[in-house]
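Here's a quick briefing to read alongside the model. Have the sequence and the 3D view open as you go.

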Amino acid sequence: MFEKVLIANRGEIALRIHRACREMGIRTVAVHSTADADAMHVRLADESVCIGPASARDSYLNKAAILSAATITNADAIHPGYGFLSENADFAQMVEEHGFTFIGPSADHIRMMGDKITAKQAAEAAGLPCVPGSAGALSSEEEALRVAGEIGYPVLIKATAGGGGKGMKVANSAEELRESWRLARQEAKAAFGNPDVYMEKYLQKPRHIEIQILADGFGNVVHLGERDCSLQRKHQKVLEEAPSPALNAEARARIGQIACDAIRKLGYRNAGTLEFLYENGEFYFIEMNTRLQVEHPVTEAISGIDLVREQIRVAAGAPLGYTQADIRFSGHAIECRINAENPETFAPSPGRVGGYHAPGGLGVRVDSGLYSGYRVPPHYDSMIAKLIVHGTSRNECLMRLRRALGEYVIEGVQTTIPLHQRLIVENDFVNGEYDIHWLEKFMGLKK
Ligand code: MV4
């Protein structure tokens, strides 16, 4: 087992990884920018190294600085968290080439899934149901028109180097497609340096359901159920829940089995998430995330499995030690992402935290690096806390979540807590009747 792990991240996820390491008796190295010198994960880590100035490009994305920090502290492994370099195949490769263990999947799998066309081709070959569309990159406008004629409008054009919704264009007719095809390639080239785009049938009212999987190096693969991530605003998740109110036991078992079979065929190792759109009782694979996700705590709450600990154990060469038959799901969990933003305009609201009081009690978890006197920096993502609530049923979870949100005190910066308080009492949400467009309609962004 590792003796020392370098945490190549910041904020709540750095703290989360530190906690798993501390419980495993593994020493931790925190890396931080000059703007994060007083951050909680720096205070709690066994050692810390300043890796650069505030800008992410010069610090948390600075591969050489992170590798140097690992060298001078004599770390055994590096955990990338999420975001930053967590899905950068070159970084994963460099980590391994420098003699450290990358706590995550292989660089090859990161690369395969980072390109959305090779991801879809690999997924299809491994037996995952995919959205009907082009076999690969669209080589010409004529091919785009031909494929659209075969699958029927509306169609969606996606950038292979995109993901997370970046660079997507809907076309409702051949005329629109000519324009969208050209624009999509132009924007993909500008944004990602790769103009390649592919096409899919546009699903109009799907839910976004993702399956958490865990695989060791010995062929053991398990799924830890699903998360419903449909409540998004401009492709930013706002609230996630597990299990999905839309799935019954049969659908869950069906997609779980197909997911595990695919991961086994791919020879994938460590934690990963398969993203699906779910519509009219059918699942459609869209992307795979080769990292730990922000919303992993809702899966931990219903399965009782510490996902970060499992990532570290698998990376250190240990077998999972359990099979699918050993996994039991219990109750319901919901996570609210709390951002330092104006709850109406979503304008970032950095600044000094005054009074701070986190909710507690049975089934209430707060993952946050906040404390009274902490300065929320303006340089990074605005998420400052995750409130995860678990109950024996969805109703109990909702009641507890309402109570916990009412207890949460964060003074000095504006937060999205009021948005969550409004959202969780909406009838459609209480009834679990929402799709990927519901939240933007609820917030008046869409008619
Ligand atoms: C889609 C889709 C409809 N049809 N693909 C957005 C981000 C990326 N994960 C894929 N996304 C979508 N792909 C087809 N064929 C709708 C979306 C989408 C979406 C998906 C999940 C959650 C929120 C979303 C918001 C807008 C669009």
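**Salt bridge between domains**

Glu-300 pairs up with Arg-16 in a salt bridge, with their closest N and O atoms 2.6 Å apart. For a salt bridge, a side-chain nitrogen of Lys or Arg has to sit within 4 Å of a carboxyl oxygen of Asp or Glu. Keep in mind that this is a predicted model: local features need pLDDT of at least 70, side-chain atom pairs count only at pLDDT 80 or more, and totals for chains, interfaces and linings use all residues. Residues are numbered from 1 along each chain as its sequence is written, and side-chain values use heavy atoms, with hydrogens and water left out.

**Domains and their interface**

- The protein chain is assigned domain 1 (4-103), domain 2 (132-201) and domain 3 (207-442); such bounds come from an automatic or database domain assignment.
- Taken over C-alpha atoms, the centres of domain 1 and domain 3 are 23 Å apart.
- Domain 1 puts 32 residues into the contact and domain 3 puts in 31, where contact means heavy atoms within 4.5 Å.
- About 2,300 Å² is buried between domain 1 and domain 3, with 59% of it on carbon and sulfur atoms. Buried area here is the accessible area (1.4 Å probe) that two parts lose on being put together, summed over both.
- The rule picks up 5 salt bridges across the interface of domain 1 and domain 3.
- That interface of domain 1 and domain 3 also has 12 residue pairs in polar contact, both residues at pLDDT 80 or more. A polar contact is a pair of N or O atoms within 3.5 Å; within protein, one must be able to donate a hydrogen and the other to accept it, and residues adjacent in sequence count only if both atoms are side-chain atoms.
- On the side of domain 1 that touches domain 3, helix 1 (11-23), helix 2 (40-44) and strand 5 (101-102) are the elements giving two or more residues. Helices (H or I, at least four residues) and strands (E, at least two) are DSSP runs, numbered from the N terminus.
- Helix 1 gives the most to that side of domain 1, with 9 residues.

**Around the ligand**

- There are 18 residues around the ligand, and Lys-158, Glu-200, Lys-201, Leu-203 and Gln-232 come nearest; to be near, a residue needs a heavy atom within 4 Å.
- Lys-158 has a side-chain N or O atom 3.0 Å from a nitrogen atom of the ligand.
- For Glu-200, a polar side-chain atom is 2.9 Å from a ligand nitrogen.
- Glu-287 brings a side-chain N or O atom to 3.1 Å from a nitrogen atom of the ligand.

**Another salt bridge**

- The whole structure has 36 salt bridges.
- Asp-90 and Arg-111 form a salt bridge, their closest N and O atoms being 3.2 Å apart. Asp-90 is in helix 4 (residues 89-97) and Arg-111 is in helix 5 (residues 107-114), 21 residues apart.

**Backbone spots to look at**

- Tyr-153 to Pro-154 is a cis peptide bond, with omega near -5 degrees. Pro-154 sits in the loop between helix 7 (141-151) and strand 6 (155-159).
- Ala-242 and Pro-243 are also joined by a cis peptide bond, with omega about -5 degrees. You'll find Pro-243 in the loop between strand 11 (236-242) and helix 9 (249-266).
- His-235 isn't a glycine, yet has a positive phi, near 65 degrees. His-235 is in the loop between strand 10 (221-233) and strand 11.
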